[in-house]
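Here is a friendly walk through a two-chain structure, in questions and answers. Shall we take a look together?

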Amino acid sequence: MGGTGGDWGVRVLRKVRIASQSVFLVLFSASVFLLAVHPTGYSWPSHWFLRLNPLVALVTEVAARSVILPLLIMGLATAVLTVLFGRFFCGFVCPLGTCIDLSDRFLLNRSYNEQRRPPRYFQRIKYVVLVMVLVVALFGATLPLVLDPVSILTRISTLVAFPFIRVAGSDAAAVLQSTGLESFSRLGVSVPQFYGSWLAALFFLLVVAGGPWDKRFWCQYVCPSGAMFAVLSRFSLWRRHVVAEGCNQCKRCFRACPTRAIEDKKVEKTSVAECIECGLCVSLKDTCTRFELGRQPGADVVGADVRRRHVLGGLLAGFALVPMYRSNAIARRDLTGR
Amino acid sequence: MIRPPGAVPESEFLARCIACGACMKACPTRALQPCTIEDGAQRLFTPRLVPRVGACDDKCHLCGHVCPTGAIRALPLEEKKYVKVGTAVIDRHRCLSWQQNKECLVCDEVCPYNAIEARVVDTVKDRYKVPVVFEDYCTGCGLCEYHCPIADSAAIQVYRFGEKRLSRGEYLSARQKQMIQDRRTHSDAAHLSVEAPSAGFTSDAAAQSPAAPDAQAAPQSNLPSGFTP
């Protein structure tokens with residue numbers, strides 16, 4: 001992979017990314033589907049996707065004050081890969097990221113408008129969220145992990161997507177039955193589904209609803225796991241490089257970048273914290289930009305821009321959130337835990 | 001609120017559960033439902049057992065096996081049979097047998113753990129054959145609540161009292177398990193003798209432990225003789 005001077009990292013990167021995203025989305029859907037199928041539920045490791053995220057490992061282990069070995073191993077593996085290769089998880093693996101990409105591309109692309117993009121410093125909100133998640137974890141709660149992307153998508157698949165397919169299927173079967181075809185009668189079994197699926201659906205709509213304002217809105221501004229990857233990718237070896245003699249300052253890469261990882265004034269400068277390695281900047285022109293392993297001398301790289309005010313904001317939010325959710329009255333009296 | 005079988009103690013549960021919903025997806029009977037806002041903000045989307053929607057199947061222990069963070073323990077099926085998530089309670093004022101003296105023993109018939117017996121007792125109106133719950137054998141699976149023919153909420157409902165939640169280790173000693181298992185397999189005959197269900201059971205228990213002197217003297221005793229939970 002290293003030192004690919006030729007055509008490799010050019011248009012191939014984007015194709016590799018699309019292929020990777022598709023594969024992981026299919027794998028994810030299959031995993032969630034196979035959860036409920038009898039023998040595979042036990043044998044197929046369908047929870048491996050949820051265990052990939054180092055933030056999940058960190059937060060649950062801090063909150064539970066114990067070492068959860070499978071989480072630790074898989075989380076560490078992803079963390080190490082992120083240190084080496086940057087936010088590859090967001091760009092290549094994350095199934096929620098793929099869903100947001102799809103909705104940005106096909107559902108909300110008409111309403112997207114460059115003018116409406118939030119200011120760039122809003123991207124640091126996610127660090128506030130990250131600190132908040134960690135503070136709440138110190139108090140023994142994993143509550144804010146409802147914001148974890150893989151968790152969100154698993155929940156949506158469980159509570160909304162699969163029930164929808166099921167009920168729609170049984171409704172269709174009922175229609176077919178009314179035509180008098182006996183063989184469809186077995187399909188028409190509609191089982192009750194889930195409480196609160198509307199709440200989960202609302203949550204998911206909020207996640208993708210950022211589309212009209214920005215591409216990958218959730219990943220850029222909110223996602224705590226994205227913030228974690230952003231912090232980890234500070235010294236990643238796999239980076240965007242601009243070939244100085246090939247660049248004519250056309251700034252098409254700046255405009256193409258969905259996460260604004262490229263500086264307007266200085267296109268050689270890349271924010272590794274924001275770069276999800278989608279390769280859109282590379283596929284524009286093959287002579288000026290590439291993704292390569294290794295650090296070039298003089299390459300301009302910006303890490304996660306976490307300032308004191310973000311940490312303080314996160315601490316404040318976390319410390320405020322804990323008494324807030326604990327002061328919530330619960331109708332059913334709770335004797336064993338809070 | 002009832003948690004799935006194998007759920008670790010509540011404070012640890014809240015420290016582990018990431019509300020992903022994998023257990024709810026895996027649950028074949030839809031018994032596991034997400035907590036909504038009325039269970040407290042910190043429990044949002046965490047799993048709870050709602051027997052009226054679906055009961056916990058006695059041959060299934062999938063939820064623990066799909067949990068990514070160990071909030072629900074991956075128990076072997078043999079162990080899961082002894083995990084108590086709650087206790088069924090009959091609402092005598094709504095129960096068809098207890099209140100209206102109608103022939104209904106659905107809860108008794110569906111109970112896979114033999115925790116419900118038919119007994120002839122003095123009800124509010126007449127002496128009648130009614131279902132009685134034996135708390136020590138009930139696991140809180142909720143099959144009775146699921147199948148109860150009363151409209152709206154069932155006349156037999158599972159409450160959380162009696163639940164046992166452990167972070168590690170076995171839920172009961174080998175002796176306790178043996179006693180519960182004996183009871184679950186033995187008194188099936190009592191269900192078949194429609195005429196005098198309590199008599200069949202009592203003689204059965206008495207045959208097992210003839211040393212217990214009060215076995216025949218008190219046939220209405222709520223526990224089989226020789227059993228001290």
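**A buried glutamate and its surroundings**

Me: Is A:Glu277 buried or exposed?
Reply: This is a predicted model, in which local features need pLDDT of at least 70, side-chain atom pairs count only at pLDDT 80 or more, and totals for chains, interfaces and linings use all residues. Residues are numbered from 1 along each chain as its sequence is written, chains are lettered from A and ligands numbered from 1 in the order in which they are written, and side-chain values use heavy atoms, with hydrogens and water left out. Buried means under 20% relative accessible area, exposed over 50% and partly exposed in between (1.4 Å probe, protein chains only). With 4% relative accessibility, A:Glu277 therefore counts as buried.

Me: Where does A:Glu277 lie?
Reply: A:Glu277 is not a glycine, yet its phi is positive, at about 60°. Strands (E, at least two residues) and helices (H or I, at least four) are DSSP runs, numbered from the N terminus. A:Glu277 lies in the chain A loop between β2 (270-271) and β3 (289-293).

Me: Is A:Arg65 buried or exposed?
Reply: A:Arg65 also has a positive phi, near 50°, in a residue other than glycine. This arginine, A:Arg65, sits in the loop between α4 and α5 of chain A. Because its relative accessibility is 55%, A:Arg65 counts as exposed.

Me: Why is helix α12 of chain A largely enclosed by the rest of the structure?
Reply: The cover over the buried residues of α12(A) includes α4 (54-64), α5 (69-85), α6 (88-93), α8 (125-138) and α9 (149-178) of chain A. Among the buried residues are A:Met228 and A:Phe229. Helix α12 (residues 224-232) is largely enclosed because the buried residues number seven of the nine.

Me: How many residues of chain B are in contact with chain A?
Reply: Contact means heavy atoms within 4.5 Å. On the chain A side, 48 residues take part, and the number from chain B is 41.

Me: What area do chain B and chain A bury between them?
Reply: The size of an interface is often given as the accessible area lost when the parts come together. Buried area here is the accessible area (1.4 Å probe) that two parts lose on being put together, summed over both. Carbon and sulfur atoms hold 61% of it, and the total for chain B and chain A is about 3,900 Å².

Me: How many salt bridges are there between chain B and chain A?
Reply: A salt bridge is a side-chain nitrogen of Lys or Arg within 4 Å of a carboxyl oxygen of Asp or Glu. Between chain B and chain A, the count is zero.
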